[in-house]
Amino acid sequence: MLPWKRVLRPLTALLLTAAVAALPTAAHAASAPSTGWNDYTCKPSAAHPDPVVLVHGTFANSTDNWLVLAPYLEVRGYCVFSLDYGQLPGVPLIYGLGPIDKSAEQLQAYVDKVLAATGATKVDLVGHSQGGMMPRYYLKFLGGAAKVDTFVGIAPDNHGTTLDGLTKLLPYFPGAEDAISATTPALADQIAGSAFLTKLNAGGDTVPGVHYTVIATRYDEVVTPYSSQFLSGSDVHNVLIQNLCSVDLSEHALLGLSDRIAFHEVANALDPAHATTTNCLSALS
């Protein structure tokens, strides 16, 4: 085995497998019920007219990523839906691995399905990690801005990640980037400076007509530096969770999986007319 291949294997594993370290087991994913969300008979209320579509992260799926947030939003009166995307042949239960532009096409089709089922004119999107970035491609290039009111990204890799500088080592291993791109295209797309991200961010981070919120944690070990998650634009609300609760120690995975302080900010973004102050006590709400 060539020396660079000995390094490539662990490096590839590091290129976002940390994002699933705290996820439930794959066996659980196969058996976990959706506990009421993805109900296509749900009709949005006057108070919450936009269905919420949840977009999971890399190495995740439409159930495990949302075992806490989906019920949190349901009990607040929202019609909640989630999709699986980015599947690779022969890889069960863990998704978000395929080319991100193709994943955005899957999101496009899913939004249309939700709109048709609910009779709504627009949806709100909430995504974690890759799911907090990938929809921007849909908004910018696939006509999504006309069908989305609010987009909330939780720990999104909007400008890619350096994995604390590890990705900068890739040029020193000839063929490494090509190998990652060939086996798990979404990983290559999420490296800071990738062709995908260059296209996505050219001409500005946002598109008119969509309300954007980004929720980040300073303890993010997957999307680094954490400040790269924030967006620039006229209708953007960037939130560092420690500014709301200094003792919140959630890192990348937990911010999207179980952090009710972050979820309170999600609820505020979805219904700004009834927003309430987010602080450490929001963990109990």
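**Figure 1. Aromatic pairs in the predicted model.** The structure holds five aromatic pairs. One of them joins Tyr-137 and Phe-196, with ring centres 5.5 Å apart. The two planes meet at 20°, so this pair is stacked; the cut-off for stacking is under 30 degrees. The pair bridges distant parts of the chain, 59 residues apart. Tyr-137 belongs to helix 5 (residues 135-141). Phe-196 belongs to helix 8 (residues 195-201).

Figure 2. Tyr-137 has a relative accessible area of 9%. Phe-196 also stands at 9% relative accessibility. Buried means under 20%, so Tyr-137 is buried and Phe-196 counts as buried.

**Figure 3. An aromatic cluster and a lysine.** Tyr-137 and Phe-196 form one aromatic cluster with Phe-141. Lys-199 lies over the face of Phe-141. The distance from Lys-199 to that ring centre is 5.0 Å.

**Figure 4. Arginine over tyrosine.** Arg-76 places its charged end over the ring of Tyr-72. The separation from the ring centre is 3.6 Å.

**Figure 5. Model confidence.** The chain averages a pLDDT of 86. A score of at least 70 is reached by 81% of the residues. Over residues 1-35, pLDDT stays under 50. The model has 60 contacts beyond four places in sequence for residues 1-35. Residues 172-176 also stay under 50, and for them the model has seven such contacts beyond four places in sequence. Where pLDDT is low, predicted coordinates should not be read in detail.

Note on methods: Residues numbered from 1 in each chain as written. Predicted model: local features only at pLDDT ≥ 70, side-chain atom pairs only at ≥ 80, totals over all residues. Heavy atoms only, no water. Phe/Tyr/Trp six-rings, centres within 6.5 Å; stacked < 30°, edge-to-face > 60°. Helix = DSSP H or I, 4+ residues; strand = E, 2+ residues; numbered from the N terminus. Buried < 20%, exposed > 50% of the residue type's maximum accessible area, 1.4 Å probe, protein only. Lys NZ or Arg CZ within 6 Å of the ring centre and 35° of its normal. pLDDT = per-residue confidence, 0-100. Contact = heavy atoms within 4.5 Å.
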